Amino acid sequence: MSMSVETNKATLRKLDMKLDNYPTCAVEALTRLETLIASRNKQNLVMQIISEYIFLERNTKDGDGRKSQALPISQLNLFQEFQLIITLIEYFSRPGRDATRNAIFLSLFGSHLTPQRSKLLARLISTAVSGSVAPLLSSAGTWMQQVGCKTPLSLEVAQNIVSDFICYSRKTPEQLKQLPMVGPHFAANFMVSVTDLYLNDQRSNILTPPPDALLDTLTEWMTENPTLCQASQQPLVLPAGAIAMPYATPLAGLLRWVVLAPLVSNRASYSNLHLSILRTLQQLGSSSDSTALPFQDLMQIVKSLQSYCARLAESKTSPDSDEAYQKCMERFAQAVQIALNSNCITNQIQLLLVLESLPSHKLMKIVIASHKK
Amino acid sequence: MLRQNLLDQLKHFIDTVSKGLSSPQLLTSPNLIKLALSFLEDLPATRDIVFEYFALLAEISVQLYVSPEMVDQKTGMPISQVKQGGNRQQQLRAAEYESFNIVKTALQSLVWKGPPAWPPLVANWSLELVAKLSDKYTQRRMTITASCNYWLECSAMHGLMTLINSCFRKLTQQEEEACVEIMLNAFHRFPMTFDWIVARLGGCFPYKIIMQILQCGIKRFVDDYRCHLDSEAGILDYMTSCHGQQLRAAFREMLREGFAPKKPIDVAVVPFLLITTNYSDAILQSLVNVLVEIYSEEMCDVIVQKSPLWLSNKMFADMQPTLNNAVLRLSEHGATLLITAAKMAERFVWCQDFLDNSLQELEQWVLNQRNFPLLADLAFEETKYMLWKSCLSTNIIEQQTAVRLLLVVSSQHPHIYYQTISQLLRKPYGQNPNGIGALIRLLGGQSGMVNFPGYTQGFKMVLEDITLHVQVNNRLPVPPGTPTEAFNTFSNLNILAKMHKSKNVAPYIKAPQLNQALNECLPKIIQIFDCTVNKLVLRMDKDAAERSASKFKEQQSNNNNNHMVNGKEYGKRPKLEPGEIEEEQDDDAARMRLAHLIVDLLNNIEAGSRTNVLRTPLVLKLAMLSVKYFFVGLTEKTVIRRAAASHRSFALLQRQCSARKIARTVCLRELVEGALFYHGHLLGQLEEYELDELQIPEHELLIVQNLHTSSGANSNRSVLHSGIIGRGLRPVLPNNNRSCDAEKQALYLKALNACCADLEKPNNVEGYSLVSLLLVELVSTDVMYNGLPFPDEEFSKVTMERDMQIRRAFITSPVLWAVLGLIAGHRPALCYSSVLLRALCATCLHHWRGKNVNKFQPTSANDELMLCTKKLLQLLAMSQLIPPPLTNLHIIIDQFESAEIALLLRECIWNYLKDHVPSPALFHVDNNGLHWRNTSTQLARVPPQYVDTLRHLMQRKLSTLGTHYHQMFIMGELAENSRSEPDPTGRLQIVELE
């Protein structure tokens, strides 16, 4: 095995893959990987080639690297990084099999990355969004699902996109607005991640509303692409033998935003978003898939509302007289009603019990009563 | 869908930049810059690399700035300053040099108008970049100001700083703190080259930065007490210029912690602050300002209590020497600090050391003519007042410190010296005798200083002030009884003058100098004296006039009862309020004391003596004032005071008169005139009240009275009433009820004597002769017949009227007799008054003869005529104008009848004087210059025709006059015989038998 690695490397070196000839060597390495990746028993070699020729990584202490388990350090400077990004985009833009591309992407960026690689990944995706590189975005969407949309890596990518296109941007760029068209799968997964970043009191103790531009963008996405939430349900194109990870829909996260929004903001966009969500839920009814709104996600909403009520109690305010709370409950009740109708909630009975424990609300009461039978 | 174009651009950009790293020309192409800027919007992922590219641009610019290539050959200035100049190559590169400007403008607009995420990003990036560049390209260590000037000249650096500044304005509180953090981190990394940036940017949030810098410094200090704090101090120093207030606030905060230490680091606060002050004057100044502001007694206790804690710091323990110079570096509150230390010096020895060292250093610097900030502080107006106050302190150390400081500043600012002297002179030192020590020390000047200002100006200043005070009464209401400034000043001057006389007491003052200085001020002193004395004289005259008026009224009302009503109203001034009177009396008493003081001073400085040059008007003025003072002195209430005042004036008069002839002339004239005309009432002159003629009732008019007399029984006589036409009869003089006051008269004579006496030539009678001549001038009303010779007795009828007037003068001014007596003692001065003697003799003769006409009248012993005759004879005898046997005539004259007296006066006195003209020629001058008439010699013997009348008359009354006869005739001849002949008795016998 190790022999073959050595020989392979030797052949690689013969082919003008000299490290000082960057990024040509990376291009060469990528084409080589295509063939190597097919055979499943050469994973080690693939990893070595990626590390050595693509990311120019070197163990801190050449020989003892493995023993000390230190993270390899990339020798790329910022310019080379961008050269690599361009190379990758060019590579992914070439016609080819989706499965191979996805496999290479997953090999390049696994689920455990050095900070440098994750930074590069974020830049790569951001550049792809800017350049509307559909194949790459598609691979990225697959990667997100495989890695998990709420893992730190995905969140980092999402955060980076938000800051690139929302925070540092005077107006939302067209590329971001058109993302659902260019890469619907990626867009859906991105939404899952991004909804986890904001209005989430499990991440930070206070409810941070999303930037206005982001909210507007997502609302627009939802209104113009009603099927966007189902995009993540597309089957993944994976190399043979790979197991597809379960998909996640952004509906639960978006619903949390909409329900909790009255507590921190009263923007009109939330109402629009709410409507889109309700519509989507309604459509889901026909597809009869009961995983759109997982019970855990709904519990998160309930917990946030409970802690809010606790604070209200501290300041001696009745939830009945609190307008924000009433609005929250109203939206929540509407969504629950439709979701129950379309049968896309797991653990329905448990949910109804939990909902009853919340301070009572007229509409919610009716909803609960009608479903308890 | 794919944005190929954008990706191509990116590729192009990356290729160009990574290739062009060594070629600035490629990098700075405007197209590339524009592309990069467009990426910020279109390709946000490239933000980092774009900024890296911008950093490259900035570095290119800085490189060019520091490289000698871009220096203008002619001026040596960087090319940025001379836009059009420079050779071709330089112009080519100017574009590269300026390339960063495009970036700066774009970023600035992003910061201002773009989303809020930009400012922190740009700020951090710029900070890092500036730090890196300044660290990389600083070639040598510069001061903060120099660094600022140097780097801000560079367009890229300037651009970056502008960017940072505009970013800072956009930051939120949290972001601000993050930025401060970044700044300080950078500062830690490059403490040598980043300080100017901190100082420059610190202005955006001064308090935070100052506090942080101080905290950084103290941490380093705690870790290693020998560390260098140049950068920290430099930053603080630089920021002080604009943000002194924040620095002081920070100091206040730190001191609060330092004085009440809670954390271990607090113990180091005070040592740290003190060490920091060594680096910069501005910091020191701020710290002192804070200290002065918060200082209190309690704080002092706290310091004492806590200082052992600080001593554990090695640096602090060795610090004192450096502290000594500290005070010299203050341009504010330095004096306050020193005075505060002086106040405590009694309690703490270290304060004394501190003071000693500081002051020595200070004086040393002044001696070396070095300039230092403390001088400016000392020259402040407020400081001046504070030091003056301290000069009066009872705390000796405080007082001396203040004096030394004043001396130091005086060497540079003479006016302060003058003002100080002027101020200190006018303060009272009765309560605090040590206070005058300050003055004495001050007058001593700064030893070793060349061109130290003299104190004459100071004297002049205070005297000028006092002149105003004296001239204008009651400018400010003062509580009664407080000594006036004038009084204080003169009493202080007196003390000084007296001290210098007793030389060993005041080694500080060079004796002749003080005297000279005061003599230079003599015109001013005399002016004050003039004012004071004249007011006193006016007051005295007014009192006298009032008194005599009331007396006269009383008398007149006794004479004529019908005048009672009128009399009461007449001549009275409206009564003053009692309070006012009292006040006026107070004023007068104060003025009198002042006059005494002034004269004392004049005596102490020997004013008017020959050694000092004086202008004639001044001499005259001083002379006149001296005499006036003498007269005023006579009005003092008690004998002792009168005597004291008189003695003062004697000394004054004597010194002037023996120094200058003109002074003597004036003094004598004033004295005599004063006694006769102006201030006669003091010496028992009989007042003649000037009555308004309209007050005389018609029947009393002189003409009516005389008409009555010329009719009736006495009409055969041509006796007329004497009086003044229009005023009726002469009022009857209030005879004898007010005799001349012997004490005052004695004082007066002493004054005359003081004027006349010549200390060098004791027998010089010039002065007395002068008095004699003056008397003639003032008493005799006629210019004719004022010569020395006595004419025939018959001729005296011609001058009788004048003679009568002279006689009257003697009656109204009895002091004349005394004066003549004085003169008589100093032969031959009386000769010049011959005319007066003649007049007296003639009138007496006439009067005695007149008595014959009527029936016999026994002459009473106190009769005016008899007294006059006696006195005249006494005078003649005293002045040796009549020879021996006649010299005793005044003793026995009252034994004779009036006819006999008339005979004696005519035969013995008049005839003798007629034949022996009373002139200085009669006198012989001996070796000592003494005039003497040796009447016992043969030549001077009295021819018998002048004596025989007396002899016969006496022989007729031998029973009563026996002893006198023996003494006058026999003894004299006996003595003469014993001297000239072997058998004097025989000769005597013969005479006797004849």
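## A walk through the two chains

The secondary structure of chain A comes to 19 helices and 2 strands, where helices (H or I, at least four residues) and strands (E, at least two) are DSSP runs numbered from the N terminus. This is a predicted model, in which local features need pLDDT of at least 70 and side-chain atom pairs count only at pLDDT 80 or more, while totals for chains, interfaces and linings use all residues. Residues are numbered from 1 along each chain as its sequence is written, and chains are lettered from A and ligands numbered from 1 in the order in which they are written.

Of the 373 residues in chain A, 43% count as buried; a residue is buried if 20 or more other C-beta atoms lie within 10 Å of its own, exposed if 12 or fewer, and partly exposed in between, with the C-beta atoms placed from the backbone. Among the contacts of chain A between residues at least 6 apart in sequence, 74% join residues at least 24 apart, a contact being a pair of residues whose C-beta atoms, placed from the backbone, lie within 7 Å.

Chain B has 47 helices and 4 strands, and 39% of its 994 residues are buried. For chain B, too, contacts between residues at least 6 apart in sequence can be sorted by separation, and 74% of them join residues at least 24 apart.

How much confidence does the predictor give to chain B, in terms of mean pLDDT? The mean pLDDT of chain B is 78, and 82% of its residues reach 70 or more, where pLDDT is the predictor's confidence in each residue, from 0 to 100. Over residues 562-575 of chain B the pLDDT is below 50, and this stretch has 9 contacts in the model beyond near neighbours in sequence. Residues 981-994 of chain B also have pLDDT under 50, and for them the model has 14 contacts beyond four places in sequence. Where pLDDT is low, the predicted coordinates should not be read in detail. For the complex, the predictor gives an ipTM of 0.87 and a pTM of 0.63.

The contact between the chains takes 23 residues from chain A and 24 residues from chain B. On the side of chain B that touches chain A, the elements giving two or more residues are α1 (4-19), α3 (30-42) and α4 (47-66) of chain B, and the largest share, 7 residues, comes from α1(B). The residues of this side of chain B divide into 14 nonpolar, 3 polar and 7 charged, with Ala, Val, Leu, Ile, Met, Phe, Trp, Tyr, Cys and Pro counted as nonpolar, Asp, Glu, Lys and Arg as charged, and the others, Gly among them, as polar.

Two packed helices are described by the angle between their axes and the distance between the axes. Helix α5 (residues 78-93) of chain A packs with α8(A) at an angle of about 95°, their axes 7 Å apart; the axes are lines fitted to C-alpha atoms, for helices over the stretch in contact, and angles run from 0 to 180 degrees between N-to-C directions. α5(A) and α8(A) are therefore roughly perpendicular to each other, since angles under 35 degrees count as roughly parallel, over 145 as roughly antiparallel, 65 to 115 as roughly perpendicular and the rest as oblique. The contact is made by A:Ile89, A:Phe92 and A:Ser93 of α5(A) with A:Pro135, A:Leu136 and A:Ser139 of α8(A).

Helix α6 (residues 98-108) of chain A and helix α8 (residues 134-147) of chain A have axes that come within 9 Å and cross at roughly 60°, which makes α6(A) oblique to α8(A).

The loop between α12 and α13 of chain A holds A:Leu199, whose phi is near 45°, a positive value in a residue other than glycine. A:Leu199 is buried, with 26 other C-beta atoms within 10 Å. A:Lys316, in the loop between α16 and α17 (323-342) of chain A, has a positive phi of about 60°, and counts as exposed with 6 C-beta neighbours inside 10 Å.

Technical notes: Contact = placed C-beta atoms within 7 Å.
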